[in-house]
Amino acid sequence: MCTPSKTLQSCVPFPLDDAVLQEVVEKAKDWAIMHGAAMRSKQDFNPDVLLFAPFILTPSSFPRKEFQKAVELQPLLNELIHAVAHDSQFLLATLSSTEKVDEFTRALIAIYRTVLDEGIAQTITLALLRSDYLPNFSDTIKQVEINTIASSFGGISTIMTPMHSYILSELGHREKLVNLPDNKALSGLCDAMVEAWKLQARPSAAILFVVENVTYNICDQRFHEFYIRETYPHVAVVRRTLTQIGEQGRLGPGKELLVGDVEASVVYFRAGYEPGHYFGAGEWDARLLIERSVAIKCPSIQYHLAGTKKVQQALAKPDVLRRFVGDDAPKIEAIRDIFTGLYSLDREEGGDEAVALALADPERYVLKPQREGGGNNVYGADIPAALQAMSSAERSAWILMERIFPPLSTGYMVRPNGPVPPPLVQLVSELGIFGAIIGSKDKVLYNKQIGHMLRTKLSSSNEGGVAAGSGALDSPYLID
């Protein structure tokens with residue numbers, strides 16, 4: 001990986017004294033477990049056992065001006081993705097080449113075409129989005145991606161600010177707490193779900209969480225459920241897998257979504273974003289059944305497709321942005337400013353030229369497929385072999401993105417069964433900004449920026465997903 005040009009100033013002087021470090025790490029681990037910053041182990045799964053989620057001991061520095069920029073931009077990005085999701089002509093045209101070579105995208109589009117042909121039963125959609133950013137070497141943020149399905153860690157991330165407030169206080173730095181921005185991601189996400197539930201005016205209906213058959217990131221999911229039940233005790237929440245919905249689901253006379261003896265008026269997907277969640281026809285039938293219903297989906301099938309990398313790459317074109325934002329020059333400029341270079345690999349869209357760029361200087365680029373969940377990208381020196389193994393048609397399932405080289409920070413990464421005390425390491429941080437939007441094609445009813453998260457990884461690591469096992473939870477310490 002190319003060496004970033006600078007290291008951001010840490011929030012406290014490092015290294016910490018060994019005795020102080022050992023004591024505060026013990027406190028931090030216990031605090032994390034006791035407040036639910038925890039996950040089940042993938043390596044040694046036991047539903048009765050939790051391990052604390054990997055975390056950075058002290059908050060990582062992030063440019064204040066760029067943090068505020070990302071926060072202020074989110075409602076505009078919400079509107080942009082909402083418009084994209086409701087433009088079937090654009091979605092189908094943009095994904096037409098990918099559809100031919102990517103089996104998973106093809107299956108999603110088949111569902112979309114089916115409900116388009118039948119007539120969309122529920123025109124109101126709920127989107128809980130997360131736009132992810134890295135600061136580049138000049139500290140200006142660049143968008144990594146925007147997530148439209150199962151945007152995770154709103155629950156646990158909300159805990160990280162109070163956790164870091166506690167740690168900084170224990171280290172004698174209470175005066176620095178003013179630089180930790182408040183984070184209401186959990187309440188923001190849940191309040192939006194309940195707003196959608198209210199729109200349905202079906203008081204006996206539940207919010208349905210669609211979950212994996214085995215859930216490792218259980219605390220993050222349950223925090224949403226428990227917040228809704230505590231704050232809105234009249235709103236029922238049920239959890240079902242796609243397998244269960246396939247077995248027990250049906251449509252009522254008015255296309256109500258019925259799963260067993262429960263009606264679901266809002267569906268919140270925490271699964272269904274990767275091929276491994278579909279074991280066969282039953283799970284795909286469940287996804288289609290949900291789309292055919294009058295339940296408000298989070299996300300609807302078109303919103304899922306709007307979050308694909310191919311759509312992200314298409315939006316980087318100035319004429320495409322204008323299609324969705326209009327001729328509002330300041331809006332277009334604000335959005336374009338966060339985009340890094342994104343290139344199609346389709347031959348008819350300059351794909352051969354993009355391949356030549358990547359082969360000439362692979363360290364400058366990342367290859368991205370149409371997948372969520374982490375661990376899918378190809379970086380640097382691995383790119384030439386990956387490209388050379390693809391036919392020109394197979395390339396259509398991928399996009400090429402200019403790599404962002406963020407500044408470094410310094411800190412201690414604390415992991416279950418990790419070294420004690422943890423070593424001082426070089427880190428890079430990725431900021432996620434959460435947004436919520438509810439509306440139909442013609443009318444937006446609700447549009448908010450609702451919180452943030454910070455994931456931090458070793459500077460030597462390419463992937464940064466916490467659930468995927470390579471990143472750690474963090475919170476931003478804002479610096480000027």
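1. Basis. The model is predicted, so local features need pLDDT of at least 70 and side-chain atom pairs count only at pLDDT 80 or more, while totals for chains, interfaces and linings use all residues. Residues are numbered from 1 along each chain as its sequence is written, and side-chain values use heavy atoms, with hydrogens and water left out.

2. Aromatic pairs. The whole structure holds 10 aromatic pairs. Rings of Phe, Tyr and Trp (its six-membered ring) pair if their centres lie within 6.5 Å; planes under 30 degrees apart count as stacked, over 60 as edge-to-face and the rest as tilted. Phenylalanine 104 and tryptophan 284 form a tilted pair, with ring centres 5.8 Å apart and planes at 55°. This pair links distant parts of the chain, 180 residues apart: phenylalanine 104 is in helix 5 (residues 103-118) and tryptophan 284 in helix 10 (residues 281-292). Helices (H or I, at least four residues) and strands (E, at least two) are DSSP runs, numbered from the N terminus.

3. Phenylalanine 104 is buried at 6% relative accessible area, and tyrosine 278 is buried at 8%. Tryptophan 284 is partly exposed at 21%. Buried means under 20% relative accessible area, exposed over 50% and partly exposed in between (1.4 Å probe, protein chains only).

4. A charge over a ring. Arginine 287 lies over the face of phenylalanine 269, 4.6 Å from the ring centre. The criterion is NZ of Lys or CZ of Arg within 6 Å of the ring centre and within 35 degrees of the ring normal.

5. Salt bridges across elements. There are 23 salt bridges, each defined as a side-chain nitrogen of Lys or Arg within 4 Å of a carboxyl oxygen of Asp or Glu. Glutamate 99 and arginine 113 form one of them, at 3.1 Å, N to O. Glutamate 99 is in helix 4 (residues 96-101) and arginine 113 in helix 5, 14 residues apart. Glutamate 99 is buried at 15%, whereas arginine 113 is partly exposed at 34%. Glutamate 402 and arginine 364 form another, at 3.6 Å. Because glutamate 402 lies in strand 16 (residues 398-402) and arginine 364 in the loop between helix 15 (351-360) and strand 14 (365-369), the pair ties together parts 38 residues apart in sequence. Salt bridges with shared partners also join Arg130, Asp132, Glu430 and Arg455 into one network.

6. A salt bridge within a helix. Arginine 222 and glutamate 225 meet at 2.7 Å, N to O. Both lie in helix 8 (residues 218-231), 3 residues apart, about one turn of the helix. Arginine 222 is partly exposed at 29%, and glutamate 225 is buried at 11%.

7. A buried loop residue. Asparagine 136 lies in the loop between strand 5 (125-135) and strand 6 (141-147), and is buried at 11% relative accessible area. Beyond its neighbours within four places in sequence, asparagine 136 contacts (heavy atoms within 4.5 Å) Lys142, Ile404, Phe405, Pro406 and Pro407.

8. Surface patch. Ile33, Met34 and Leu50 form a nonpolar surface patch with about 310 Å² of accessible area together. Patches are made of residues with over 30% relative accessible area and no salt bridge, with like charges joined within 9 Å and nonpolar side chains (Val, Leu, Ile, Met, Phe, Trp, Tyr) within 5 Å; accessible areas come from the Shrake-Rupley method with a 1.4 Å probe, and for residues only the protein chains shown count as cover. Methionine 34, in helix 1 (residues 18-35), is exposed at 69%.
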